[in-house]
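Hello,

Here is the structure I said I would pass on. My notes follow it.

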Amino acid sequence: MMLHSLHIPTISSIRSSTSQSLRSSEHPPYLLRFRTSRRENLRYLKTLGIIDPNTKPHKFPSPETVDQVLFTVNFLKSKGFSEPDFPRLSFLCPKLFTPGSDPTDIEPVFEFLTFDLAATDQESCGLILRCPQILLSDVEYCLRPTLIYLRKLGVEKLNVPNSLNAHLLNTREERLIEKIRFLRSSGLSREESAMACRRFPAIFGYSIENNLKPKFEYLVGEMKRSVEELKAFPQYFAFSLENRIMPRHLHLEQRNVRISLKRMLLWNDDKFYAKWK
């Protein structure tokens, strides 16, 4: 019932409404239909999470703004989004539903996902839901250069709708290059750095100062391990330094045990501490 309110004509949306609502003889006069439509549209936007249910009547958006927001909602639904998706879209990217938002501004992102990334409609929606801000990114200056760079590194299956891929695509090329530079400064060649990122692309999302650098320094300084081990197991950077790496290293050091990084970090606590009591 609420869905039908999107097709009831209002003053500024007559040009795009369907004739279905006009064919019914059960509708009251036009003015009454307009007033009912406004109330229903406001209620509908509340159910989508776009309007706060606790909003006072005097703070409701204008009829023109409501029409514009509904136009955006219909546009997104035409791209494959369903009503349960809108609370997340609205919460993570409220700018999509502001008066100045124009669906034609985000159309290039959908074209990029379809033609450049070769994602299906379902995959595109999945990526956007995991990172709605991607809709506000510039295709020419952000999305396309990033995709080209990732493909040059050999990162594959970027169309798979997961959080990692969504945020990777929405990361500027310069930030990706910074991570490669760090790995190279740590002793890896360009090809070795690229391979590490291919095997573990989540590394692109880590802070150099707060994650990569302190973990690398602990690896070679305190643990006395070589860069070769990092090449074999770049997933090392995914583990907490304070809660996983340090305690397990010290535990093994006290027992004069030395094992690979993979064995040291991948096992759960029960298995690890049962093995080396």
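Among contacts (heavy atoms within 4.5 Å) in the protein between residues at least 6 apart in sequence, what percentage join residues at least 24 apart? The figure is 65%.

This is a predicted model, in which local features need pLDDT of at least 70 and side-chain atom pairs count only at pLDDT 80 or more, while totals for chains, interfaces and linings use all residues. Residues are numbered from 1 along each chain as its sequence is written, and side-chain values use heavy atoms, with hydrogens and water left out.

The protein has 15 helices and zero strands (DSSP runs numbered from the N terminus: H or I of at least four residues for helices, E of at least two for strands). Of its 277 residues, 43% count as buried (under 20% relative accessible area, 1.4 Å probe, protein chains only).

At the N-terminal end, Asp138 caps α7, with a side-chain oxygen 2.9 Å from the backbone nitrogen of Glu140. Just after α7, Gly154 has a positive phi of about 95°.

The buried residues of α7 include Cys142, Leu143 and Leu150, and the buried set packs against α5, α8, α9 and α10. The axes of α5 and α7 (lines fitted to C-alpha atoms over the stretch in contact, with angles from 0 to 180 degrees between N-to-C directions) come within 11 Å and cross at roughly 20°. That makes α5 roughly parallel to α7 (angles under 35 degrees).

Regards

Key:
Buried < 20%, exposed > 50% of the residue type's maximum accessible area, 1.4 Å probe, protein only. Contact = heavy atoms within 4.5 Å. Polar contact = N/O pair within 3.5 Å; in protein donor to acceptor, adjacent residues only side chain to side chain. Parallel < 35°, antiparallel > 145°, perpendicular 65-115°, else oblique.
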